[in-house]
Each structure stands twice: as C-alpha cells, then as structure tokens.
Amino acid sequence: MYFYKAFGLNIHSEIILPELSDGDRTVNADLNIRAATFTLPSLKNTQIYRRGVKASFGQNEGKELFLYWKGIAAFKVTDGNLLLVSPETEDENLISLFTVSEALGLILFQRGYFLLHASSVMVGDEAWCFMGTPGAGKSTTAAAFIKAGCKLLSDDLTAISFDGQGVAWVIPAYPQLKIWDNTVNGLEYDKASLQPVSEGVNKFSYQPKSGFQQKPVKLKEIYFLHKARNKKPLSALSGPEIPIETLKNFPLPIGLLNDESLKRHFLQSFQCVKSADMWRKRRPQGFAKLEEWVNEAVSEVNVQMHE
C-alpha cells in the first residue's frame, strides 16, 4: 500500500503514484485507490484527449462514474472516496499519469469541488489561476510566476472550495508542473533540476516536493488567457460572460453537467466573483515580456502585503 496527499485528501493507494506528495500512513484515508476489474456501462465519447487517446465516459443508475481510455485503463469512481483502476497496460508511469488527471477529477467532482482546467500559483498569500485554450500558455505563465519566486498550487486541474461565508479557496493539488522544452529554454530553467516526462515527449516536469503548499489559499485573481491581437490586452469579464467562460474550461466530460450539477456549476462560478477578479488577458508576446508582466505583478502584491 502507498500513502499520498493530494487536493487535501489523504490517499491510500494500491497503485504507485509518484507525482503525489508523500502521505501519512497513520491517518484514515479520505480516498482509497484500488486495482480491480469491473464491468463498464454504456459509454459515450468525450471531448477529452490525453496522449492522443480519446476518453469515453459513462455512469450507472447508482451514480457511479466511469472513464475509459482504450489501451490505458478503465476507472470507476464511487461516492467521492473510492477509485477503482483496471489497467490495460503494464506501464506504471502511464497508469499514474491517467489516474491523477481526470480520474482523480471525478472524485473531486463527486465531493462537490468547483473544477477548472487551469494552472494555479500562490502570489504573496493569494491564489491566481490561469485558464485558456490549449496552447494559450497556462503552464508557461505558471512557470514564469514560479521563476519569480511564487509557489505552485496546481497544474492543469484546479479545485476550488467555498467556506461558510462563501469565500473561494484553491485546494493545492500536488507538486508537479509539466512544461514544454521551449518554455524550459525561454524561461532559462535549469534542465538538471527537471525530470523528463517520458521518452519521446518534449516535456519536462518541475517537482517542488519540498515545502509544497498543502493548506488552501484564498482565490484572488482568475485570468482567461488568449493570443488574439484584435482583442484588448486586458478586460474584466462581464457577469454573463463568467459562467460561459468557466463552462468552456470545465475539465471533465461535459455530460456530467446536467440539471443540479449544471446549476451548481453556475452558482459556484458566481461565488468565485465574490472573492476574485476575473480577467480576459492577452498573454504577453515572448518570454521577456511575459517575465516583465510577472515581475511587475509580483512586486505589486509584495508591496500591498507590507503596507
């Protein structure tokens, strides 16, 4: 048995998941991950690809959720506390990659978290999130903030919870940020401090396991990144745009959002506005301008903290 910590959950797993933080074997599990075989229900194709493989999704009358990646693994999610994994490959790294992504996201969905396809960092004592279409620069922007001294909170999947006063908090995920080699070179990261993601993929993994933030961080800024030159460099999102943009950046099968769950998603979108500013931002062109913006933003926050 392996013991991990991720998204605030104590995890007991029969499957090795090296991306996650080490956990405490003496505490009870919030989530059990087991290897098992099970029967899949009728599945539908999703809009989700990972490593070029398209995911299929289904659910049964018991409201158990299923995710299937042909040739990789099938996943069954129950009650937000049990994740069954049925591998179709012996590659442990692939099994881990697919387990800690959308499959773990289904657990968080069942637990009622507000989920976004976003990377997040801790700027001062605030959480900042970056979203956008593939290639918009979510991970690159997060990497620039980390280079400027900020802490990583999440990569690709960001989970948000709300306290009794409706304040939004980002739940730190696990210490891994995956960045392409052009970002490594452009931001002048030391390759010796990074891990190759896997053979044949020009991506590297930044793993700040020492001192990784585990406590929730108050949400303060959300940026929807784009590269369109015909749009303003920065504009605040209007009320009607907010749930539409967050819906575009929902990281799980869209079939999950119907009736009550869709209503919950919209309500949580507007709850975020109480805590955070939401912006549509054109990503600065080139690494030098990106770092210039990042350094100015970090300096402003640091000044505000000491006023």
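# Buried segments, sheets and backbone exceptions

In helix 2, Lys138, Ser139, Thr140, Thr141, Ala142, Ala143, Ala144, Phe145 and Ile146 are buried, where buried means under 20% relative accessible area, exposed means over 50% and partly exposed lies in between, with a 1.4 Å probe and protein chains only. Helices (H or I, at least four residues) and strands (E, at least two) are DSSP runs, numbered from the N terminus. This is a predicted model, in which local features need pLDDT of at least 70 and side-chain atom pairs count only at pLDDT 80 or more, whereas totals for chains, interfaces and linings use all residues. Residues are numbered from 1 along each chain as its sequence is written, and side-chain values use heavy atoms, with hydrogens and water left out.

**Covered segments**

- Helix 2, which spans residues 138-147, is mostly covered, with nine of its 10 residues buried; just after this helix, Gly149 takes a positive phi of about 105°.
- Strand 11, residues 119-123, is also mostly covered, since five of its five residues are buried.
- Ser119, Val121 and Val123 point one way from strand 11, while Ser120 and Met122 point the other way, and all are buried.

**Pairing around strand 11**

- Strand 11 pairs with strand 12 (residues 126-131) in the antiparallel sense over five bridges, two strands being counted as paired if DSSP finds at least two bridges between them.
- Within this pair, Met122 stands opposite Ala127 of strand 12, and in the hairpin, which has two residues between the strands, Gly124 takes a positive phi near 65°.
- Strand 11 is also joined by three bridges to strand 13 (residues 151-154), with the two running antiparallel; here the bridge partner of Val121 is Leu152 in strand 13.

- Nine strands form an open sheet of mixed pairing, in the order 3-1-2-4-9-8-7-6-5.
- Strand 3 and strand 5 (44-50) stand at the edges, each with a single partner strand, so one side of each is left without a neighbour in the sheet.
- Helix 1 (residues 92-110) packs on the sheet and touches strand 2, strand 4 (31-35), strand 5, strand 7, strand 8 and strand 9 (82-87), and its direction makes about 25° with that of strand 8; contact means heavy atoms within 4.5 Å, and axes are lines fitted to C-alpha atoms, for helices over the stretch in contact, with angles from 0 to 180 degrees between N-to-C directions.
- Strand 1 (residues 2-6) and strand 2 (residues 9-13) run antiparallel and are joined by five bridges, one of which pairs Tyr2 with Ser13 of strand 2.
- In the hairpin of strand 1 and strand 2, which has two residues between the strands, Phe7 takes a positive phi near 50°.
- Strand 1 also pairs with strand 3 (residues 21-22) in the antiparallel sense over two bridges, and Tyr4 stands opposite Asp22 in strand 3.
- Strand 7 (residues 65-69) and strand 8 (residues 73-78) are antiparallel partners over five bridges, with Ala74 in strand 8 as the bridge partner of Tyr68.

**Cysteines**

- A search of the whole structure finds zero disulfides, a disulfide being a pair of cysteine sulfur atoms within 2.5 Å.
- Cys129 is in no disulfide, and the nearest cysteine sulfur, that of Cys272, is 8.1 Å away, which is too far for a bond.
- Cys129 counts as buried at 0% relative accessibility, and Cys272 likewise counts as buried at 0%.

- The largest cavity has a volume of about 40 Å³, the volume being the space filled by probe spheres set on the grid points, which are joined across faces, edges and corners.
- Its lining is made up of Phe109, Tyr113, Phe114, Leu115, Phe250, Leu257, Ser261, Arg264, His265 and Gln268.
- The elements that give two or more residues to this lining are strand 10 (114-116) and helix 5 (260-275), and the largest share, four residues, comes from helix 5.

- Most residues other than glycine have a negative phi.
- Arg51, a residue other than glycine, has a positive phi near 55°; Arg51 lies in the loop between strand 5 and strand 6 (53-59) and is partly exposed, with a relative accessible area of 40%.
- Asp259, also a residue other than glycine, has a positive phi near 50°; Asp259 is placed in the loop between helix 4 (241-248) and helix 5 and is exposed, with a relative accessible area of 65%.

Notes
On a 1 Å grid over the protein atoms alone, a cavity is a set of points where a 1.4 Å probe fits but cannot get out, and a pocket is an open set with protein on both sides within 12 Å along at least five of seven lines; lining residues have an atom within 4 Å of a point.
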